[in-house]
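Open the model in a viewer with the sequence alongside.

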Amino acid sequence: MLIIFLGPPGAGKGTQAKIFLERAGIVQISTGDILRAAVAKGSPLGTQAKGFMDKGELVPDSVVIGIIEERIQEEDCKKGFVLDGFPRTLEQARALDEILLKLHLHLDHVVNFEVPDEELVERLLGRAQQEGRSDDNPESIKNRLQIFKDKTQPLIQYYAEKKKLRPIDGLGSMAEIADRVKAVVGI
Ligand code: AMP
């Protein structure tokens, strides 16, 4: 089972990925988590990524594509995985298609979390207070939402054309949204 969770920052992808993988027994791959761990470690990858992340900009495609290509070949991905926060650009989506083709893997679903902008800003500001993520400040939030519209939104059309898109309403309780994920994915 290979699934992409698509949606703007603050849409609940990470939270729902965690709920889903407990149910489905597969792993979550979040490029944001991998990058934050690299920043915390002060590794060369982290040093390279930090400037982009703090401003709410995207880390270059080549960097995240490389991360994903390595990560999905690890042993724990054999039963399947949820990609959370990747792909975020058309270039990343096309690269992913090539990688999957090369590895003889098949994409099952792209779950698209639909949440209005006003709600996203409120959630991200709330998360800033709770988790203290350095990129959850008003300037970075504005930037990330704009980048989502410019760079990531075209993926909706891209996956709709491939008949992979499963849109769901991202408003409601965690349990309600988890049920909607279940309804479209079948697990
Ligand atoms: P996230 O936790 O998914 O919101 O990601 C946090 C930050 O990490 C983003 O604002 C980007 O700076 C960077 N990032 C995560 N995933 C990607 C990606 N697929 N492409 C480029 N940058 C990414």
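Helices (H or I, at least four residues) and strands (E, at least two) are taken as DSSP runs and numbered from the N terminus. This is a predicted model, in which local features need pLDDT of at least 70 and side-chain atom pairs count only at pLDDT 80 or more, while totals for chains, interfaces and linings use all residues. Residues are numbered from 1 along each chain as its sequence is written, and side-chain values use heavy atoms, with hydrogens and water left out.

**Whole chain**

Colour the protein chain by secondary structure: it has nine helices and five strands. Followed from the N terminus, the elements run β-α-β-α-α-α-β-α-β-α-α-α-β-α. The radius of gyration (taken over C-alpha atoms) is 16 Å, close to the 16 Å that the globule rule (2.2 Å times the number of residues to the power 0.38) gives for 187 residues, so the chain is as compact as a globular protein of that length. Along the principal axes, the C-alpha trace spans about 40 × 40 × 30 Å. Of the 187 residues, 45% count as buried, where buried means under 20% relative accessible area, exposed over 50% and partly exposed in between (1.4 Å probe, protein chains only). Taking contacts (heavy atoms within 4.5 Å) between residues at least 6 apart in sequence, 75% join residues at least 24 apart.

**Strand β3**

Select residues 81-84, which form strand β3. Phe81 and Leu83 on one side and Val82 and Asp84 on the other are all buried, leaving both faces covered. Ile3 is the residue opposite Val82.

**Gln92**

Go to helix α5, residues 90-102, and pick out Gln92. Is Gln92 buried or exposed? Its relative accessible area is 3%, so Gln92 is buried. Leaving aside residues up to four places away in sequence, Gln92 touches Asp61, Val64, Ile65, Phe86 and Pro87.

**Pockets and cavity**

Switch to a surface view. On a 1 Å grid over the protein atoms alone, a cavity is a set of points where a 1.4 Å probe fits but cannot get out, and a pocket is an open set with protein on both sides within 12 Å along at least five of seven lines; lining residues have an atom within 4 Å of a point. Grid points are joined across faces, edges and corners, and a volume is the space filled by probe spheres set on the points.

The largest pocket has a volume of about 1,000 Å³. Of its 44 lining residues, Pro9, Gly10, Lys13, Arg127 and Arg133 lie nearest the centre. Elements giving two or more residues to this lining include α1 (13-24), α6 (117-131) and α7 (138-152).

The second largest pocket holds about 190 Å³ of space. Select Ile72, Cys77, Lys78, Phe81 and Leu105, which lie nearest its centre among 13 lining residues.

Finish at the largest cavity, with a volume of about 40 Å³. Its lining consists of Phe5, Leu6, Gly7, Lys13, Gly85, Phe86, Pro87, Arg88 and Thr152.

Terms used
Pairing = 2+ DSSP bridges.
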